[in-house]
Structure formats: C-alpha cells, structure tokens
Amino acid sequence: MSTHTNKSRRTFIRQSLLATAGLPLFTYACNNMPEATNKYLDNIGLQLYTVRDQLAEAPATTFKTLKEFGYKQVEMMQVQGMDKLMPMIRDNGLQVNGAFFNWNYLTGNWAMIGQEAPADYAFENIVEDAQKEQLEYLVFGYITKGERSTLDDWKKLIDTLNKAGEQCK
C-alpha cells in the first residue's frame, strides 16, 4: 500500500473517532440551547448536492431516508427539472425553500466554464419555475475569477444581480 493511502486512512480514522467522541457534547449542547436558537434545529435541512449520487440512483428512497434521518427541508441542486422531484419531496413531508442555479444563466458567459448555453432554458424560465414551486431563494454557488477581477467587474455583477432581483419579485 502507498503511504498516501495509509495517511488518508489514519487521518479518516482519527477524525472519525474525534467526531464520535464529540457527539455527546453536541447532543448536550443541542438539548440545552435557548428556545430561539433551537427553532433552527427543528427545521434542519440538507443540500441535495450532498446526496447527488444516491438521488440519481433512487430518488424516492433518498427522500424517504432523509425524512427518516430527521431532515425537514432540502435545497434543490438546480431549478431545471425539479418539477419531477417535487411530488416525491412532498410525499415525504419535506419542504423546499430554495434552489441553486448556474450563474451563467445571468451572465451568458458559458464559454468560461466550457459549456454552451442551454438552447431551451433561460433565467426567465428559472424564475418562472421557482415561482411555480413557491421557492423563496435562488442561490448561485460560484462566480468565476474572470468575472470578478476588477472593480468594474464587481459593478457589472451588482447591476446584473439587481436586475435579476427585480425579475424575481
């Protein structure tokens, strides 16, 4: 075996043991929090990207398992196509408040990430689908470095986001 693999295993085992040892403290802290803080724990959610492989293989089972684990809400990986997942999500009593979308739907800079613009789906469709599903939040996870290098880049981003926000109202 390689040294790298052994180090990774040792690190994994050490971190797992530390995490396990900390569980009683975490449980104690959660059970003794002021009620105002505890309300967030009562509505704990999960980004579906975290379980993307399981979701691709067995979506209904994934949502059922998330509910059994105590999750109350999920955040969609993307808006496009969520209409196919929403019935399964609702059947399991989970709530969806938000979804990710690709930033390039706003900028049109698909070449920066090596992709072509979708021919039949635009930001207007994202907003329409999000409103149809009563989402409160649309989130993007990353703006490429080439789009945020200068003050003028940031001013353009602010203008783009303000226009997008107006479309979402």
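This briefing walks through the fold of one protein chain, from its overall layout to single residues.

The model is predicted: local features need pLDDT of at least 70, side-chain atom pairs count only at pLDDT 80 or more, and totals for chains, interfaces and linings use all residues. Residues are numbered from 1 along each chain as its sequence is written, and side-chain values use heavy atoms, with hydrogens and water left out.

**Overall layout**

- The chain holds eight helices and four strands. Helices (H or I, at least four residues) and strands (E, at least two) are DSSP runs, numbered from the N terminus.
- Read from the N terminus, the order of elements is α-α-β-α-α-β-α-β-α-α-β-α.
- Of the 169 residues in the chain, 25% are buried. Buried means under 20% relative accessible area, exposed over 50%, and partly exposed in between (1.4 Å probe, protein chains only).
- Among contacts between residues at least 6 apart in sequence, 59% join residues at least 24 apart. A contact means heavy atoms within 4.5 Å.

**Strands and their pairing**

- Strand S1 (residues 45-47) and strand S2 (residues 73-76) run parallel, joined by three bridges. Two strands pair if DSSP finds at least two bridges between them.
- Gly 45 faces Gln 73 in S2.
- S2 also pairs with S3, again in the parallel sense, over four bridges. Here Gln 73 has Gln 95 in S3 as its bridge partner.
- A right-handed β-α-β unit is made by S2, helix H5 (residues 86-91) and S3. Right-handed means that, with the strands pointing away from the viewer, the path from the first strand over the helix to the second runs clockwise.

**Gly 98 in strand S3**

- Gly 98 sits in strand S3 (residues 95-100). Its relative accessible area is 3%, so Gly 98 is buried.
- Beyond its neighbours within four places in sequence, Gly 98 contacts Val 74, Glu 75, Met 76, Leu 135 and Tyr 137.
- Gly 98 and Glu 136 are 38 residues apart along the chain, yet their C-alpha atoms are separated by 5.8 Å.

**Helix H8**

- Helix H8 covers residues 151-168, which is 18 residues. At 1.5 Å a residue it should span 26 Å, and its end C-alpha atoms are 26 Å apart, so the two agree. The expected span is 1.5 Å times one less than the number of residues.
- Which residues of H8 are buried? They are Leu 157, Thr 160 and Ala 164. They cover an arc of only 65° around the axis, so they lie on the same side of H8. The arc is that of the directions from the helix axis to the C-beta atoms.
- The other side of H8 has exposed residues: Leu 151, Asp 152, Lys 155, Ile 158, Asn 162, Lys 163 and Glu 166.
- The cover over the buried residues of H8 includes helix H6 (104-107) and helix H7 (123-132).

**Asn 104 in helix H6**

- Asn 104 belongs to helix H6. It counts as buried because its relative accessibility is 3%.
- Not counting residues up to four places away in sequence, Asn 104 touches Asn 109, Trp 110, Ile 113 and Glu 147.

**Gln 134 in a loop**

- Gln 134 lies in the loop between H7 and strand S4 (137-139). With a relative accessible area of 66%, Gln 134 is exposed.
- Phi of Gln 134 is near 60°, a positive value in a residue other than glycine. Most residues other than glycine have a negative phi.
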